[in-house]
Amino acid sequence: MKILTVQNLCKTYGKGEARVDALKNVSFSLEKGEFAAVVGESGSGKSTLLNCIGALDTPTSGEVRMDGQNLFSMGEEKRTIFRRRNIGFIFQSFQLVSELNVEQNIIFPLLLDYKKPNPDAVQEILELLGLTSRRNHLPNQLSGGQQQRVAIGRALITKPKLILADEPTGNLDSKNSRDVMELLTQASRHYQQTILMITHNRNLTASVDRVFQVADGVLTDLGGEANETLS
Amino acid sequence: MKHFLDLIPISAKVHRKQNRMSILCIILSVFLVTTIFGMADMFIRSQILQAQRDDGSWHIGLRNISAENAALMVARPDIAVISPYGTLNFGANLGYTMGGKEAVIFGSEEALVTKIFPDMLTEGAYPQAEGGALVTENAREMMGLHIGDEVTLNTPDGTSLHYQITGFVGNSSGLMRSDAYGIFLCMEDYRAIYPDVAEGEPSDFDIMYYVQFSHTRDIQGNIKNLKSAFQLSDGQVSENTKLLGLLGQSRDSFMMFIYAAAGILFVLVMSAGILMIASSLNSNVAQRMEFFGLMRCIGSTPRQVMRMVRREALGWCRFAIPAGVALGVVVIWVLCAILRYLSPGYFAAMPVFGLSLPSVAAGVLVGLLTVMLAARSPAKRAAKVSPLAAVSGSAGEARPVRSAANTQLAKVDTALGIHHAVSSWKNYLLMTGSFALSIVLFLSFSVTVDFMRHALTPLQPWTPDLSIVSPDRTCSVDSALLERLNEIPAVKAAYGRMFAYGVPISGSSAVQTADLISYDTTQFDWAEDYLLEGSLEAAQQAAGTGLVVKESDSTIKVGDTITILADGTLQEIEIVGILSDCPFSNAAGVGLIICSEDSFRQMTGLTDFTVIDIQLVRGASDSEVSAIHQMVGTQYTFSDERLGNSSTRGIYYCFNLFVYGFLVLIALITIFNVVNSIAMSVASRTKQYGAFRAIGLSTRQLSKMVIAEAGAYALSGSVAGTVLGLLTNRLLFAMLIGQKWGEPWGIPWSELGVILLILLFSVALAVYGPIKRIHSMTIVDTICAQ
């Protein structure tokens with residue numbers, strides 16, 4: 001079952017001589033439960049691709065369909081609501097809400113939807129993340145690895161169709177990086193969660209199902225076998 | 001780059017947008033101070049001009065001093081001018097006449113028209129020798145006089161004295177009101193004409209000496225010296241309170257209250273400036289903590305960071321202070337131009353491009369000092385940023401969070417908005433203080449509107465331009481005249497009143513006599529604002545009913561019946577209403593009863609009026625007034641109050657312009673301040689809002705978050721501002737109005753409503769701009785915003 005379909009996605013910045021084609025006719029799709037990684041050099045267009053898929057940025061042309069729905073045919077308000085219900089984000093710099101504690105940060109997308117969180121589900125995620133004892137702590141009272149785990153919890157809480165992770169281990173040491181990757185893999189396996197992760201660290205692709213490479217705005221599907229080769 | 005401080009202009013280029021807001025704040029503060037001080041300076045200047053013109057350019061008047069002492073005083077270096085001034089027939093009722101009208105006789109010297117009243121002489125010169133005279137313009141016009149003509153002054157004992165006219169002087173409002181001419185003689189002629197005194201001291205001739213001091217710096221010191229040198233008692237020295245008050249030299253208790261009130265307003269304006277700049281700098285530095293952390297990382301000492309912040313703030317002053325001062329000066333020019341246009345007769349002497357040095361100095365000083373003071377705290381904060389925090393990225397957070405937002409009480413967007421507002425107490429206090437101060441300023445300055453209304457009583461709806469008055473204050477002005485007057489096109493309205501003075505009454509323990517006054521429909525309408533209880537309709541429609549004007553010691557209530565002795569019989573009046581005030585004064589222990597014309601006629605049997613007041617149409621000419629005068633005839637006193645009204649109107653325009661100018665300025669500053677503060681707060685959180693949007697915060701929720709934050713500031717600011725504003729309003733009211741007029745203070749609901757509405761409007765305006773800007777940005781741009 002296809003969760004994400006990207007077709008002929010283009011993103012261009014600037015005009016004339018300053019024109020930069022960050023994405024050139026990118027097309028691919030992801031199946032439910034697939035854990036994919038996008039690798040590429042710095043400035044290759046990885047983050048632009050993620051931003052466009054996550055509707056954080058508007059593509060110049062092309063389509064992004066999530067579960068059959070074209071993200072950019074929706075109005076801003078509808079798209080935001082769709083995004084918070086169907087896409088979870090994990091950022092390199094965590095982007096936690098400093099004014100909310102661990103538990104509040106995790107349930108934040110539900111609160112934005114004015115939904116009452118299920119305490120069992122919250123407890124389950126806290127346990128999965130190993131943050132039960134820290135549920136009332138503020139982000140500035142946590143280590144980087146803990147903060148990223150909170151961010152993962154926040155991405156998981158709505159049980160989204162897709163999680164987009166932008167360099168989730170970029171700010172972490174190797175141990176915490178390993179932990180985060182394990183958590184993501186576990187989520188993918190345990191919850192049948194589709195994940196698209198961006199990374200410049202090819203070592204992290206060992207545990208993913210599929211690998212894409214972006215170079216100069218062009219996406220190449222290296223597939224699962226290439227993944228094995230790479231790892 | 002040769003010095004680390006050279007980084008400032010480079011950084012300024014990058015942070016141009018944030019800096020622009022801080023610069024705007026400094027401009028606004030300097031503008032506020034310059035304009036308010038400049039307006040006050042120009043107001044005082046205009047009032048000094050007007051006071052000198054209306055009441056003379058004298059500082060003190062001396063009575064009962066010998067001619068010898070007066071001659072000695074002239075030689076004193078601290079005295080510029082001393083001029084004798086005697087009046088005879090001041091009340092225009094002793095029978096000194098000229099051209100068939102009462103003449104008021106003045107005795108003085110040339111200095112009176114050249115130094116004390118420099119605008120008084122309209123043509124010619126003061127009589128240098130006996131036999132010469134100056135006469136007033138109204139005599140010139142009515143008697144067709146020219147310089148060199150002879151004028152005859154008839155004294156009550158039947159003597160006719162002849163004088164040759166050497167010039168003319170302007171009419172005074174007092175003379176016009178009394179329907180009399182004025183004649184100015186030299187001292188010898190004045191003494192000669194003064195009845196029953198042949199030889200004697202000046203006091204025997206009712207002569208006062210006007211004294212103008214050489215310098216106005218220490219007039220009270222000069223008065224003290226003069227008193228001790230000539231052994232003058234307090235009773236001999238009278239101050240020109242208005243002029244000395246305006247010169248800041250009065251020791252009059254009411255003026256001292258006015259100075260104290262001005263001092264309070266000064267401190268408030270200064271505080272507004274300081275708060276605005278402090279909150280702006282605080283916000284600006286908070287947004288760049290990461291940058292300062294980076295500086296610390298590279299090797300800057302905390303001292304260097306502080307220097308940098310201060311130098312940066314001073315750099316803004318280089319542009320902002322001159323800009324604020326220039327803006328203030330231009331606004332003052334515009335106000336002066338309006339003043340000259342509104343009342344050219346009084347304010348023609350105001351400079352076209354006048355520069356108020358005290359206001360410019362105050363603007364510059366306040367700007368510089370405030371920026372230096374306001375920069376201290378953010379500079380310290382910036383210097384405290386640890387290099388580690390900068391490396392870890394946590395320095396980017398505007399304020400360290402100590403407690404989590406309460407998402408139980410409100411929805412998460414609202415809860416976060418409120419938390420943003422209250423999470424940093426310092427910022428919250430600054431913002432609340434800044435909002436509150438706007439309310440305090442508005443409520444404080446609004447007292448001056450009440451002050452103006454009390455101080456300028458003649459400008460009431462019933463103020464007449466002309467009055468036809470019974471010479472013996474009886475009901476002797478033909479009532480048929482009223483109809484004829486109302487038919488004249490130049491007459492806008494004419495209304496008569498009948499007076500029965502000192503009517504014995506019973507039924508009230510406090511007063512035994514009362515003045516009975518009749519009102520027509522128009523006058524009853526005017527009385528509506530003063531009705532404390534009861535009904536005006538009943539007094540107008542039912543015969544034998546009346547209204548009483550409230551007296552502090554009176555026990556009369558609505559429904560009481562008072563018996564009066566009128567027309568030789570005892571008559572009953574039922575009191576159907578109580579008025580707080582009326583346009584007439586009454587002697588102590590004498591009540592005021594107002595009734596309809598029918599009731600008055602029925603009770604007294606009198607039918608004619610005591611006074612007919614006339615209001616003229618706008619632009620009515622002197623010839624039209626002369627025609628009315630001729631129609632009325634000479635059997636009544638024709639009181640022309642246009643000159644006095646025009647003087648009051650001049651002051652009124654001036655006061656209005658400044659008072660409402662201040663209020664508009666405060667309202668504008670409130671709007672700018674609120675808009676700027678919210679914009680800065682939103683700008684400092686743009687990145688965070690971007691992250692929220694990425695997580696799934698919709699634009700509507702973002703709006704709610706910003707509105708909640710702004711609303712929290714507005715709510716606490718409104719509460720604090722209302723409480724403090726009402727307290728200062730009450731204090732200033734007591735100082736400016738309560739002390740002088742004894743009026744009780746009441747909550748100024750309308751003023752409070754206006755400023756709260758302005759604040760609400762400002763908040764709406766303030767959230768609209770930033771929300772719209774964030775809406776138009778993509779989430780990626782918002783996250784990356786600097």
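## Terms and model

Helices (H or I, at least four residues) and strands (E, at least two) are DSSP runs, numbered from the N terminus. By that definition, chain A has seven helices and 10 strands, while chain B has 27 helices and 22 strands.

This is a predicted model, in which local features need pLDDT of at least 70 and side-chain atom pairs count only at pLDDT 80 or more, although totals for chains, interfaces and linings use all residues. Residues are numbered from 1 along each chain as its sequence is written, and chains are lettered from A and ligands numbered from 1 in the order in which they are written.

## The two chains

A residue is called buried if 20 or more other C-beta atoms lie within 10 Å of its own, exposed if 12 or fewer, and partly exposed in between, with C-beta atoms placed from the backbone. On this count, buried residues make up 50% of the 231 residues in chain A, and 45% of the 786 residues of chain B.

Two residues are in contact if their C-beta atoms, placed from the backbone, lie within 7 Å. Among the contacts in chain A between residues at least 6 apart in sequence, 71% join residues at least 24 apart; in chain B, residues 24 or more positions apart account for 83% of the contacts with a separation of 6 or more.

## The sheet of chain A

Two strands pair if DSSP finds at least two bridges between them. In chain A, six strands form an open sheet with mixed pairing, in the order β6-β7-β8-β3-β9-β10. Its edge strands, each of which pairs on one side only, are β6 (87-90) and β10 (218-222) of chain A. Neighbouring strands of this sheet are turned by 20 degrees against each other on average, direction ignored.

Within this sheet, strand β3 (residues 35-39) of chain A is mostly covered, since five of its five residues are buried. A:Phe35, A:Ala37 and A:Val39 point one way from β3(A), whereas A:Ala36 and A:Val38 point the other way. Strand β3(A) runs parallel to β8(A), to which five bridges join it, and the bridge partner of A:Ala37 in β8(A) is A:Met197. With strand β9 (residues 210-215) of chain A, β3(A) also pairs in the parallel sense, over four bridges, and here A:Val39 stands opposite A:Gln213. Strand β8 (residues 194-199) of chain A pairs in turn with strand β7 (residues 162-166) of chain A, in the parallel sense and over five bridges, with A:Leu196 as the bridge partner of A:Leu164.

The expected span of a helix is 1.5 Å times one less than its number of residues. For the 13 residues of helix α5 (residues 144-156) of chain A this gives 18 Å, which agrees with the 18 Å between its end C-alpha atoms.

Helix α5(A) is largely enclosed by the rest of the structure, because 11 of its 13 residues are buried. Among the buried residues are A:Val150, A:Ala151 and A:Ile152, and also A:Arg149 and A:Arg154. The elements that cover the buried residues of α5(A) include β6, α3 (102-112), α4 (119-129), β7 and α6 (174-190) of chain A.

## A helix pair in chain B

Two packed helices are described by the angle between their axes and the distance between the axes. Axes are lines fitted to C-alpha atoms, for helices over the stretch in contact, and angles run from 0 to 180 degrees between N-to-C directions. Helix α23 (residues 642-684) of chain B and helix α26 (residues 749-776) of chain B pack at an angle of about 35 degrees, with their axes 8 Å apart.

The residues that meet include B:Ile671, B:Val674 and B:Ile678 in α23(B) and B:Leu759, B:Val763 and B:Ala766 in α26(B). The residues of this contact divide into 14 nonpolar, three polar and no charged, where Ala, Val, Leu, Ile, Met, Phe, Trp, Tyr, Cys and Pro count as nonpolar, Asp, Glu, Lys and Arg as charged, and the others, Gly among them, as polar.

## Where the chains meet

The contact between the chains takes 25 residues from chain B and 25 residues from chain A. On the side of chain B that touches chain A, the elements that give two or more residues are α16 (412-422), α24 (686-695), α25 (699-741) and α27 (779-784) of chain B. By class, this side of chain B has 12 nonpolar, 10 polar and three charged residues.
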